[in-house]
Amino acid sequence: DDFIIFLRMATSTVEVSDALLDAIATVESGNNENAVNGGHIGAHQINRAYYQDAVAHDPTLINGNRTFESCKGPRSAEYSKKVIRAYMNRYATMERLGSKPYNQDFARIHKGGPNGWDSKDTLSYWAKVKSAGAPTP
């Protein structure tokens with residue numbers, strides 16, 4: 001019984017809404033799928049380390065010869081959303097945060113990395129994402 005509970009906890013997934021991811025893209029790049037800024041690419045401004053963390057959590061992200069560069073260019077936003085969801089399922093977990101993750105946690109982790117949810121430096125970012133239409137909580 002303990003093993004089954006552990007297995008359920010280890011395989012649980014968090015739900016990250018399209019509405020939140022669209023708001024993040026608005027803040028990050030004005031929804032510009034071709035945006036490049038200091039090693040961050042695409043509408044959601046994903047960097048290589050973020051991408052690698054996501055792929056380590058979900059190796060299926062590289063199916064179909066997908067790479068980091070797949071996060072930039074025409075119709076790349078949908079792929080970037082998959083990358084972000086994998087990253088959140090690695091880092092925005094109840095086990096790591098000590099409570100159920102919400103949109104604020106997802107946005108702040110996106111901006112500040114695995115511990116961004118707990119950094120005062122990401123509070124202003126969350127305010128921008130919320131103003132761009134992210135649902136609350």
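Helices (H or I, at least four residues) and strands (E, at least two) are DSSP runs numbered from the N terminus; buried denotes under 20% relative accessible area, exposed over 50%, and partly exposed the range in between, with a 1.4 Å probe and protein chains only. The structure is a predicted model, in which local features need pLDDT of at least 70 and side-chain atom pairs count only at pLDDT 80 or more, whereas totals for chains, interfaces and linings use all residues. Residues are numbered from 1 along each chain as its sequence is written, and side-chain values use heavy atoms, with hydrogens and water left out.

Helix H7 spans residues 123-131, and its buried residues are Tyr125, Trp126 and Val129. Viewed down the axis of H7, these buried residues lie within an arc of 100°, so they line one face of the helix; the arc is that of the directions from the helix axis to the C-beta atoms. An α-helix has 3.6 residues a turn, so residues three or four places apart point the same way. Lys128 and Ser131, on the other side of H7, are exposed. Just after H7, glycine 133 adopts a positive phi of about 115°.

The loop between H6 and H7 contains threonine 122. Threonine 122 counts as buried because its relative accessibility is 4%. Its side chain reaches the backbone oxygen of serine 119 at 2.8 Å. Apart from neighbours within four places in sequence, threonine 122 is in contact (heavy atoms within 4.5 Å) with Arg108, Lys111, Gly112 and Gly116.

At the level of the whole protein, 7 helices and 2 strands are present, and the elements follow the order α-α-β-β-α-α-α-α-α from the N terminus on. Along the principal axes, the C-alpha atoms fill a box of roughly 50 × 35 × 20 Å. Of the 137 residues, 39% are buried. Among contacts between residues at least 6 apart in sequence, 51% join residues at least 24 apart. The accessible surface, from the Shrake-Rupley method with a 1.4 Å probe, comes to about 7,700 Å², and 50% of this surface belongs to carbon and sulfur atoms.

Definitions and conventions:
Polar contact = N/O pair within 3.5 Å; in protein donor to acceptor, adjacent residues only side chain to side chain.
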